Structures are given as structure tokens and as C-alpha cells.
Amino acid sequence: MQKNLQTRFSTRQYMLSRDFELYYYNEHYTSKVDTHTHDYYEFYFFMEGDVSIEIEGQRYPLRYGDMVVIPPHRRHRAVVHNHAQAYRRFVFWVSREYAARLMELSPAYGYLMQRAEVSGKNVFHSDVITFNATQFKIFQLIEEMQMERFGREARIPLLVNDLILHLNRMVYEEENPAKVKEQDLYQNLIYYIEEHLEEELSLEKLAGAFFVSRYYVAHVFKEQAGISVHQYILKKRMQASREAILGGENISQVYERFGFRDYSSFYRAFRREYGMSPKEYREERLR
């Protein structure tokens, strides 16, 4: 299957498509391509060969799984050191206009391209497992582009956008492991709170559940959610109480079930959240 997805190599260095182009090259000899520039973004994925990439006069030896991001107007070329050895890679071109449209949807689409433009970092390494995931997405896209299946025109942009977002996330998470760790803890805290709304949910309890300090829990939650853990838990308990009351449950049982010490504290919290008492809220909604 992969052999059928290969492209015959061309020295052309301009786009025929308005938005993006993707190629899978695998040959023992490649025609020499001199140093050049182009007005689109190039993503180059190296798989096999004895090759360096030269960007603005600086050479970088490549190894399996390396991704090279070349912004518009950067002088570059691939230097093949051994023509007898197989040379295998993907080349993915994205126009500036298409990239700009994606970045209007979300800045996350542009993290990697802007990273290469601003910092000058062009070569990104990935391990075998990570690169295998990238390969899967690339082959999936090439296959869709080459087949005439129903819905092809709708699915190709989805796969392109998914690939670009995958690449951005891959590099961001590699370069920001502390942020990723915090995001994982935050998501796990959210799930835990959802599952234990009817139980004690103090900072000490949450910290103990994830083997971190209560100060770290408070910091991560406030950083990610913009509100304190206590405020979030109160809002979730208010929502659960409202749903239970509208479902016909006895109000006195509701406030006890969701951890309020007495009815007066529940009454104040409910009125502050919804602008009326629990009884008034039920009568208003059930009219």
C-alpha cells in the first residue's frame, strides 16, 4: 500500500495548489536541488538516508523521525551525502493564506510555524512512537487525496487540519512538559470532583487523592480555571442541586446530599447563584 502512495520526485519548488500539497518520496537517487526559497511553509519529515538539511548556511544532520519546519523566504536545501542509500521522506507544503485562515480559527494552529519564524529553531526531534503516530496521519491523508471516495472534498481539509494541529501539539508538549503535567492534573481534578460531589472535597482530600500538596492543587486549579477550587466545587454543587430540585427531590434532602452544613447556607448560596430561593426557582421553572 505504501509503495502505491509514493510520488515521483520533481525538482519543482512552487505550489500548484492554492492551499497545501503533500508528497511521499522514496528513491535511491535524487536530482540535485540547489539552495532555494519559496513563499509557503514547508514541513519536511525525514525517515531514511544519509542526509543533512541546510538552512541559511547552517547544516543539520538528520535522523529518523526528525521534522524540519521551513518558513517562507528561508534559504535551504537537502544535502544527500550517500546517493547509493535509500532516501525516504515526506514533504508537506502549506500556503501562507491557508495557515492564516487556520490561525484565525485558533492560535494553536500557528504555534509551530511562528516558533520556527521567530526563534529560528527549524529541526524538531521525535521518538519512534510519536513519529509513528505522525506517519499514520500522513499516510491517511495521502490515501484520501489519491482515492475518489464519496465525501473526499469534505474529509481532506479535516485531515490536513488534524495533521497540522497534531504537529503543533506534539512540539508544544515536548517543549512544555511542566504545563502538560499541570493540564493533566487539572483534568483529573475535574473528573474527580464530578464523581465525588456528594463527598467531602477539601483541598486536603484532593491533594491526598493525587499525592501532591494542597498548595499545588490550589495553584494549578486557579491557573487553569481562573477560579479557586472552592468556587468551582460550589458552582458544580449548585448545578447538581438545581437539577435535583427540578427533578422533584425534597429540598432538605438536596442540601444535605451535596455537603451543605445547614439550609441557611444552602439558601444563601442558591440565591446568590440563581437570584431566587430554591423553592421559588422550582415554582418558576415548573409553571
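Is Arg12 buried or exposed? In this predicted model, in which local features need pLDDT of at least 70, side-chain atom pairs count only at pLDDT 80 or more, and totals for chains, interfaces and linings use all residues, Arg12 is buried, with a relative accessible area of 18%, where buried means under 20%, exposed over 50% and partly exposed in between (1.4 Å probe, protein chains only). Residues are numbered from 1 along each chain as its sequence is written, and side-chain values use heavy atoms, with hydrogens and water left out.

Arg12 forms a salt bridge with Glu21, their closest N and O atoms being 3.3 Å apart, where a salt bridge is a side-chain nitrogen of Lys or Arg within 4 Å of a carboxyl oxygen of Asp or Glu. Glu21 likewise counts as buried, at 5% relative accessibility. By this rule the count comes to 18 salt bridges. Another of them joins Arg18 to Asp19, with 3.6 Å between the closest N and O atoms; Arg18 counts as exposed at 66% relative accessibility, whereas Asp19 counts as buried at 14%. Arg18 and Asp19 are also linked with Arg101 in a network of salt bridges.

The side chains of Glu144 and Arg155 meet in a salt bridge as well, at 2.7 Å from N to O. Because Glu144 lies in helix α3 (residues 128–146) and Arg155 in helix α4 (residues 152–175), this pair ties together parts that are eleven residues apart in sequence; helices (H or I, at least four residues) and strands (E, at least two) are DSSP runs, numbered from the N terminus. Glu144 is buried, with a relative accessible area of 5%, while Arg155 is partly exposed, with 32%.

Helix α7 (residues 214–225) has twelve residues and reaches 16 Å from its first C-alpha to its last, close to the 16 Å expected at 1.5 Å a residue, the expected span being 1.5 Å times one less than the number of residues. Within α7, Val217, Val220 and Phe221 are buried, and they cover an arc of only 95° around the axis, which puts them on the same side of α7; the arc is that of the directions from the helix axis to the C-beta atoms. Just after α7, Gly226 takes a positive phi of about 85°.

Three strands form an open sheet in the order β4-β3-β6, with antiparallel pairing, two strands being paired if DSSP finds at least two bridges between them. The edge strands, β4 (58–61) and β6 (76–80), each pair on one side only. Strand β3 (residues 51–55) pairs with β6 over five bridges, and the bridge partner of Glu54 in β6 is Arg77.
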